[in-house]
Amino acid sequence: MPNTQDALVARAVLRDIRHTPQKARRVVDLVRGMRADEALNVLKFAPQAAGSDVFTLLNSAIANAKQQNPAIRDASELWIVEALVDEGRTMKRFRPRAQGRGFRILKRSSHISVAVSDTKATSKSISRTSSRAQTRNPKRSDKSPLATPVAAVKTPAEKGASN
């Protein structure tokens with residue numbers, strides 16, 4: 001296992017981009033964990049509108065990595081170790097409707113951040129949350145009775161058949 005303390009990590013952040021976070025996450029999820037050169041090829045031909053913005057953001061992260069370590073020759077030596085999409089500002093607009101009413105329109109934006117490294121393994125300082133902390137309900141842990149598989153519970157017909 002490579003030493004992740006000495007690993008090169010370069011970041012690039014794009015703030016207040018006018019794509020909704022849900023649509024931007026579809027694009028970012030495609031390339032998370034890939035080699036940087038493969039991710040550039042995927043993003044170049046991605047049909048989503050956010051693909052071109054993430055493409056330029058990834059190019060910026062690669063350029064930042066080359067600036068930190070001139071020994072890196074091209075994007076094939078780098079891995080995408082972190083790719084996040086956070087919610088940005090929401091502009092509130094009103095659309096006129098019938099009988100003098102106004103309906104609110106929410107124009108959402110997002111913050112996209114990408115981190116590349118020369119090693120595939122990531123340290124704990126890079127990732128925001130551990131895999132255990134990613135569950136929405138902290139009460140549902142491995143020891144919880146709610147986390148037991150459904151197949152372990154026998155129906156009354158199965159109990160009678162086993163006798």
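Predicted model: local features only at pLDDT ≥ 70, side-chain atom pairs only at ≥ 80, totals over all residues.
Histidine 19 sits in the loop that links strand E1 (9–17) to helix H1 (21–31). Is histidine 19 buried or exposed? Its relative accessible area is 18%, and the limit for a buried residue is under 20%, so histidine 19 counts as buried.

The surroundings of histidine 19 come from other parts of the chain. Leaving aside residues up to four places away in sequence, histidine 19 touches Ala49, Ala50 and Asp53, and also Arg108, Ser109 and Ser110. With one of these neighbours, aspartate 53, the side chain of histidine 19 forms a polar contact of 2.6 Å.

Ser109 and Ser110, both touched by histidine 19, turn up again around glycine 88. Glycine 88 is part of strand E2, which spans residues 79–96. With a relative accessible area of 17%, glycine 88 is likewise under the 20% limit, and is therefore buried. Its contacts, again without residues up to four places away in sequence, are Asp16, Ser109, Ser110 and His111. How far apart are the C-alpha atoms of glycine 88 and serine 109? They are separated by 4.8 Å, although the two residues lie 21 residues apart along the chain.

One cavity of 30 Å³ or more was counted, and the volume of the largest cavity is about 30 Å³. Which residues line the largest cavity? They are Val28, Val31, Val54, Ile80, Ala83 and Val114.

Stepping back to the whole chain, the protein contains four helices and three strands. Read from the N terminus, these elements follow the order β-α-α-α-β-β-α. Among contacts with a separation of 6 or more, 72% are between residues 24 or more positions apart. Of the 163 residues in the protein, 30% are buried, histidine 19 and glycine 88 among them. The accessible surface of the protein amounts to about 11600 Å², and carbon and sulfur atoms account for 50% of this area.

Notes:
Residues numbered from 1 in each chain as written. Heavy atoms only, no water. Helix = DSSP H or I, 4+ residues; strand = E, 2+ residues; numbered from the N terminus. Buried < 20%, exposed > 50% of the residue type's maximum accessible area, 1.4 Å probe, protein only. Contact = heavy atoms within 4.5 Å. Areas by Shrake-Rupley, 256 points an atom, 1.4 Å probe, with all protein chains shown as cover. Polar contact = N/O pair within 3.5 Å; in protein donor to acceptor, adjacent residues only side chain to side chain. 1 Å grid on protein atoms, 1.4 Å probe; cavity = no way out; pocket = protein on both sides within 12 Å on 5 of 7 lines; lining within 4 Å. Points joined across faces, edges and corners; volume = space filled by probe spheres on them.
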